[in-house]
Amino acid sequence: MGKNNSDGKVLAQNKKASHDYFIEETYEAGMVLTGTEIKSLRNGRSNIGDAFATIRNGEIQIHNMHISPFEQGNRSNPIDPTRTRKLLMHKAQIRKLIGLSKQEGYTIVPLKIYIRNGYAKLLLGLGRGKKQYDKRDTAAKRDAQRDIQRALREKQKIAR
């Protein structure tokens, strides 16, 4: 009976990312957080809907990620809930991201925050922006798939 540390509990998810971008590659990054930030994060009090990542001086940082202050927090509670936070990745991965994100139309998008082996992780995606007609095409495919599933369920109910 082995101990399973990787629970992978999703704490926050960016649902707009798959609507606005074609996600081509994903990368896992650790986050530099304070003690009260991780407690607030574990309580599910975070939002990455408006967040974006940048690379400066060989370091990757996330901006506009909102982590609400912890209610029972002490003076180490950060004053600014949307402060810039440093992300932890291997240098080779950062160099690869620098090269890929410099291409026209590519950006680094945070997809979700989760807990793995007791550490908070951020899943980053290399995204290429969708045009308006791509978004309509995706919505039409999703609606068609939903109609097919509905018809199959109805057929199964009749067969019983």
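Some ground rules. The structure is a predicted model, where local features need pLDDT of at least 70, side-chain atom pairs count only at pLDDT 80 or more, and totals for chains, interfaces and linings use all residues. Residues are numbered from 1 along each chain as its sequence is written, and side-chain values use heavy atoms, with hydrogens and water left out.

I start with confidence. pLDDT is the predictor's confidence in each residue, from 0 to 100. The chain has a mean pLDDT of 83, with 91% of its residues at 70 or more. Over residues 1–6 the value is below 50, and beyond near neighbours in sequence this stretch has four contacts in the model; a contact means heavy atoms within 4.5 Å. Where pLDDT is low, the predicted coordinates should not be read in detail.

Next, domains, whose bounds come from an automatic or database domain assignment. That assignment gives domain 1 (10–129) and domain 2 (132–159). Taken over C-alpha atoms, their centres are 33 Å apart.

Now the core. Buried means under 20% relative accessible area, exposed means over 50%, and partly exposed is in between, with a 1.4 Å probe and protein chains only. A nonpolar core is a set of buried Ala, Val, Leu, Ile, Met, Phe, Trp, Tyr and Cys residues joined through side-chain atoms within 4.5 Å. Helices (H or I, at least four residues) and strands (E, at least two) are DSSP runs, numbered from the N terminus.

The largest nonpolar core here has 26 residues, and Met31, Ile60, Met65, Leu87, Met89, Ile113 and Leu124 have the most contacts inside it. Among the elements giving two or more residues to this core are strand E5 (59–63), helix H3 (91–101) and strand E9 (119–129). Apart from it lies another core, of five residues, including Val109 and Tyr114.

Take Ile60 as an example. Not counting residues up to four places away in sequence, Ile60 touches, among others, Leu87, Met89, Ile94, Leu97 and Leu124.

Which residues of H3 are buried? They are Ile94, Leu97 and Leu100. Seen down the helix axis, the buried residues of H3 fall within an arc of 130°, so they line one face; the arc is that of the directions from the helix axis to the C-beta atoms. They pack against E2, E4, E5, E8 and E9. Lys91, Ala92 and Arg95, on the other side of H3, are exposed.

In helix H2 (residues 35–42), the buried residues are Thr36, Glu37, Ser40 and Leu41. They also line one face, because their arc is 140°. An α-helix has 3.6 residues a turn, so residues three or four places apart point the same way. After H2 comes Gly44, with a positive phi near 80°.

Back to E5, which holds His63. Is His63 buried or exposed? His63 counts as buried, because its relative accessibility is 12%. Its side chain makes a polar contact with the side chain of Thr54, at 2.7 Å. A polar contact is a pair of N or O atoms within 3.5 Å; within protein, one must be able to donate a hydrogen and the other to accept it, and residues adjacent in sequence count only if both atoms are side-chain atoms.

Last, backbone angles. Most residues other than glycine have a negative phi. Asn57 is not a glycine, yet its phi is positive, about 55°. Asn57 sits in the loop between strand E4 (52–56) and E5, and is exposed at 81% relative accessible area. Asn64 has a positive phi of about 65°, lies in the loop between E5 and strand E6 (66–67), and is partly exposed at 38%.
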